Amino acid sequence: MRSLNLIWLSLAALLTACSTDNSKEELLDLTPYVSTQVGTLSDFKLSTGNTYPAVATPWGMNFWTPQTNENGDGWAYMYQKDSINGLKQTHQPSPWINDYAAFSIFPMVGEVKFKEKERQSKYSHETEIAKPHYYKVELESYNTTAEVTPTTRGAVFQFTFPKSSESIVLLDAYHKGSYVKVIPEENKIIGFAKNNSGGVPENFANYFVVQFDKPFTTQGTWNGKESSNALEVEAYRTAAYVKFDTKEGEVVTAKVASSFISPEQAQINLDREIGDKTFAQVFDAAKLEWNTEFNKLKVEGGSERSKQNFYTSMYRTLLFPRKFYEYDANNKLVHYSPYNGEVRDGYMFTDNGFWDTFRAVFPFFTVMYPEMDGQIMAGLVNTYEESGWLPEWASPGHRDCMIGSNSASLIADAYLKGIRGYDIEKLYEAIIKNSNQQGPLGSVGRMGADYYNDLGYIPYDVGIHENTARTLEYAYADFTISKLAEALGKPQSEIDLFKKRANNYKNVFDPSTNFMRAKMKDGSWQTPFIPEAWGGAFTEGSSWHYTWSVFHDPAGLADLMGGRDAFAAKLDSVFSTPSIANHDYYGFEIHEITEMKVADEKYGTGQYAHGNQPIQHGIYLYDYVGQPWKAQKWTRKVMKDLYSPTPDGLCGDEDNGQTSAWFVFSALGMYPVAPGTGQYIIGSPEFEKASMKLENGNTFTVIANNNSEENVYIQSAKLNGKDFNLTYLTHDQIMAGGKIEFEMGPQPNKAWGSAVESAPYSMSREK
């Protein structure tokens with residue numbers, strides 16, 4: 001790849017030379033720090049990320065990944081497997097949600113083999129290259145090399161063949177309805193794939209076009225049962241193949257693009273994004289696109305491992321939600337609606353579970369990508385108008401997964417931070433509708449809304465699962481709604497209603513146990529109470545985790561527990577209590593429980609389950625009760641112990657970038673515990689220096705003097721040269737640019753940030 005790297009460096013130099021920035025800051029190549037295979041050593045029983053090596057552009061409409069398992073398997077690529085059977089266009093956000101609109105391309109030599117197990121080839125990780133912008137693998141069984149580099153809606157492949165009259169490229173259009181057509185006179189294959197895992201209209205299809213640079217010697221199709229010389233076929237499962245006569249080392253190039261709108265639009269996407277560009281040119285453009293984003297967050301100091309973790313996490317944070325919109329022949333922004341099947345104007349994004357990503361991914365966008373965050377909000381307006389509901393888990397349309405009405409928090413957070421360019425009144429209308437009723441799926445609207453609104457909680461004994469978790473998440477959402485209502489000048493009675501509901505977390509707190517606990521319809525507590533019981537009243541966690549889901553009012557929760565010291569002691573017990581878990585609700589030990597136990601056995605993290613989302617903010621709650629040094633200790637320990645730039649490098653599901661966004665924020669020394677408050681809670685910076693280059697032209701810099709693996713504790717701080725004793729930064733402070741400078745040391749300074757007035761926002765302390 002030397003020639004490609006040289007071309008990229010030339011482009012980077014040109015970009016620097018043409019920059020309007022007087023400093024002409026050098027664009028660094030940071031892609032070597034990214035390992036796209038982090039988290040791929042996973043399976044159903046134990047997740048080390050549950051990821052795949054996505055070859056993509058940031059937020060691309062299509063990703064590509066090598067495929068080691070059979071079509072339809074949610075674990076498409078498993079690092080522990082030794083054979084590959086395809087390079088798949090994928091849209092999968094997680095193995096649990098699975099894929100849609102997938103098809104694969106695969107080179108082989110000799111006999112045409114259609115089925116995955118028959119055509120698979122041995123390969124070695126030693127000869128595999130996996131980067132955000134490029135994937136290469138040597139297919140040992142065929143003495144053939146496959147390479148791919150992406151655009152937003154397409155890709156370019158290179159296949160290096162041996163000398164053979166039977167060099168083949170197979171296109172597998174997958175199951176659940178597909179169509180292929182070979183056009184020999186144009187060196188082209190076209191078709192569509194309809195495979196999906198739910199959440200699509202009847203007319204859903206992914207239309208693709210594959211353009212080769214070499215004539216075929218012969219070609220054929222497969223209808224899922226038998227092959228023929230027919231040039232086209234439509235069936236439950238189809239495939240097409242083309243053959244070439246190649247010299248030793250000859251490279252065959254295939255340019256690919258697809259569309260959810262039409263075959264014609266697929267061709268438009270191909271012509272616009274690739275056209276006459278060479279593989280090297282597309283490679284350079286994709287690499288440049290990633291480096292443009294990575295260079296917005298430059299870190300200095302720290303170990304090579306820390307930098308690998310950081311940029312790998314940033315890569316994962318920038319994959320989802322995907323752009324589900326296209327540009328038509330007149331360059332007009334349009335999208336196929338995965339909700340009503342129509343082609344509509346405007347933005348559409350998908351493949352996201354807000355239960356995960358409201359916590360850190362979307363707050364990250366509000367800081368680093370406010371323009372795109374506004375586009376996502378515009379896409380939410382379109383989703384509401386096309387389906388009548390806000391999406392809580394979309395892939396590509398509404399999916400029945402997870403709980404909460406977390407769209408409220410990311411909408412409110414965006415608007416309160418000054419992000420505009422969308423119809424906020426329409427989104428507010430959608431939020432209010434969400435708060436009052438359940439939608440067509442359990443994840444849409446609010447399951448148990450009537451009970452919640454009338455009683456102030458969802459009872460355990462009314463047939464609504466995960467009721468206490470829902471109560472807590474609705475209460476936080478209601479807090480954000482109240483803040484949005486204030487900003488929009490809504491009637492005071494409406495504002496007060498949601499403020500009142502934001503206190504509903506108190507209704508499921510049991511002072512006799514100091515835990516959140518399920519409550520019966522008659523107001524009594526559900527018995528027996530087992531704090532380590534996963535599921536039932538809670539979602540993928542136990543009371544140990546959900547007791548802390550009071551993002552908007554930790555001080556109020558501390559009052560319920562008996563004060564700041566009692567709160568801190570209770571939080572201490574999360575880390576000191578052995579990771580026992582009751583899994584009766586599930587009937588078996590789910591992988592999230594296993595991951596908590598593994599982390600505890602290896603690193604002594606107790607009941608703290610970082611591998612899942614409900615408690616990922618918990619460490620930062622020490623800042624609210626005057627013991628920020630404990631947040632400093634635990635954030636650095638988690639970054640050190642539970643993240644690694646290796647295939648088994650995560651301690652649980654990555655989940656659309658959330659677990660990665662936690663690392664990115666925490667490495668910068670801050671975390672958005674409560675989106676909607678505009679505050680970022682201070683932890684312990686991972687690097688000596690981190691520069692955040694913002695869209696508004698400002699730069700915010702985090703300096704950590706004397707930082708090291710031992711010096712994790714903040715001794716003192718200055719913000720823009722002035723002494724700083726607060727344990728949070730505001731969004732406005734960051735966006736204004738400037739510098740926060742920490743002095744670090746090996747022992748806690750228990751005076752810094754411990755005063756009551758140093759604590760971050762809590763609703764009950766609002767004046």
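**Close-up views of a predicted model**

**View 1. Lining of the largest pocket.** The model is predicted. The space in the largest pocket comes to about 580 Å³. Two helices, α6 (354-357) and α17 (591-603), each supply at least two residues of the lining. By class, the lining holds 13 nonpolar, seven polar and ten charged residues.

**View 2. Trp96 and a nonpolar surface patch.** Phe44, Trp96 and Phe588 make up a nonpolar patch on the surface. Together the three have about 310 Å² of accessible area. Trp96 sits in the loop between β3 (86-90) and β4 (103-109). Its relative accessible area is 36%. Trp96 therefore counts as partly exposed, because that class lies between the 20% limit for buried and the 50% limit for exposed.

View 3. The bond from Phe320 to Pro321 is cis. Its omega is near 0 degrees. Pro321 belongs to the loop between α5 (304-317) and β20 (322-323).

View 4. Thr527 and Pro528 are joined by a cis peptide bond. Here omega is about -5 degrees. The loop between β28 (515-516) and α14 (543-546) contains Pro528.

**View 5. Positive phi at Asn50.** Asn50 is a residue other than glycine with a positive phi, near 50 degrees. The residue lies in the loop between α1 (2-18) and β1 (63-67). Is Asn50 buried or exposed? Asn50 is buried, because its relative accessible area is 10% and buried means under 20%.

**View 6. Positive phi at Asn656.** Asn656, again a residue other than glycine, has a positive phi near 55 degrees. Its place is the loop between α18 (628-641) and α19 (658-668). The relative accessibility of Asn656 is 1%, so this asparagine counts as buried.

Definitions and conventions: Residues numbered from 1 in each chain as written. Predicted model: local features only at pLDDT ≥ 70, side-chain atom pairs only at ≥ 80, totals over all residues. Heavy atoms only, no water. 1 Å grid on protein atoms, 1.4 Å probe; cavity = no way out; pocket = protein on both sides within 12 Å on 5 of 7 lines; lining within 4 Å. Points joined across faces, edges and corners; volume = space filled by probe spheres on them. Helix = DSSP H or I, 4+ residues; strand = E, 2+ residues; numbered from the N terminus. Nonpolar A, V, L, I, M, F, W, Y, C, P; charged D, E, K, R; others polar. Patch = residues over 30% accessible without salt bridge, like charges linked within 9 Å, V, L, I, M, F, W, Y side chains within 5 Å. Areas by Shrake-Rupley, 256 points an atom, 1.4 Å probe, with all protein chains shown as cover. Salt bridge = Lys/Arg side-chain N within 4 Å of Asp/Glu carboxyl O. Buried < 20%, exposed > 50% of the residue type's maximum accessible area, 1.4 Å probe, protein only.
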